[in-house]
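User: I would like to learn how to read a pocket and the strands around it. Please take me through this one.

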Amino acid sequence: MVAVTFLFLCFWAVGDLSRIQVTLEPDRTSVRVQLSHTASLRCCYSVTGGVVDTTWATSPHTVNGTAQVRGVDRRDNRVTMDGGNLTAAGVMCHTLILREARLNDSGLYQCFLNHSALWPPLYTHGTFLHVYRPMVKILDISESTKNGILTAEGMLLMMAVLLHGTMMLFKTKKLNQLKKKRVKEEEENIYEGLNLEECCSTYDQIQRSLVQGPYQDVGNMIMEEEEEIQLEKP
């Protein structure tokens, strides 16, 4: 009888544990924090049928790509972990606060969820923490000075464009003048080798021949007819 009761209790406990179910909520993909500033990371999940143990774990970022998962050191004075907050929607969220972030703190941070009835244990999706060193300004220039420099650059650019356009206009005008002068010189060269007196006398002769030509032909015809009449008389 005792053995039957023990087996019944075992089966009841296993059946109760087997009902636990964990649903992972989306995590923030990455967080970028400046060196020596504070980083805040969070993991969320919903669970039914029991309560799971939650531990923060990290995979430090390495140059060669190999990383080993290890737990976040609670003894570090810079680290603060809360016990988890249950939202109205039944989602459990845990927050990790990391103060005075260092470059070697960069890596993937996940919540490790463990329960006796949860096998294998689960890791949340995780958030990648990127700790960066800010760029050092070589020249510490105020915004008003930057605006003044940009305005001066714009004025210089405008002057350069106007100067180039004016030079192109003058160049075009000069080319047109040279072209007109060349055409005029070519026209003068055409009449350079001609004798104007000979041209005038030749022109007069052509005009006279055009005017007197028809009358001379009529006179010649009359004289020829008179000669023929005289020849026909006995």
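User: Which residues lie nearest the centre of the largest pocket?

Analyst: Rolling a probe the size of a water molecule over the atoms shows where empty space is left. A pocket here is an open set of points on a 1 Å grid over the protein atoms alone where a 1.4 Å probe fits, with protein on both sides within 12 Å along at least five of seven lines; lining residues have an atom within 4 Å of a point. In this predicted model, 16 residues line the largest pocket, and R70, V72, R78, D105 and Y109 lie nearest its centre. The model's local features need pLDDT of at least 70, side-chain atom pairs count only at pLDDT 80 or more, and totals for linings use all residues. Residues are numbered from 1 along each chain, and side-chain values use heavy atoms, without hydrogens and water.

User: Is β8 mostly covered or mostly open?

Analyst: Buried means under 20% relative accessible area. In β8, 5 of 7 residues are buried, so the strand counts as mostly covered by that definition.

User: What does β8 pair with, and in which sense?

Analyst: Two strands pair if DSSP finds at least two bridges between them. β3 (residues 39-48) runs antiparallel to β8 over 7 bridges, with A39 opposite L98. β6 (residues 79-81) is joined to β8 by 3 antiparallel bridges, where M81 has L96 as its partner.

Technical notes
Buried < 20%, exposed > 50% of the residue type's maximum accessible area, 1.4 Å probe, protein only. Helix = DSSP H or I, 4+ residues; strand = E, 2+ residues; numbered from the N terminus.
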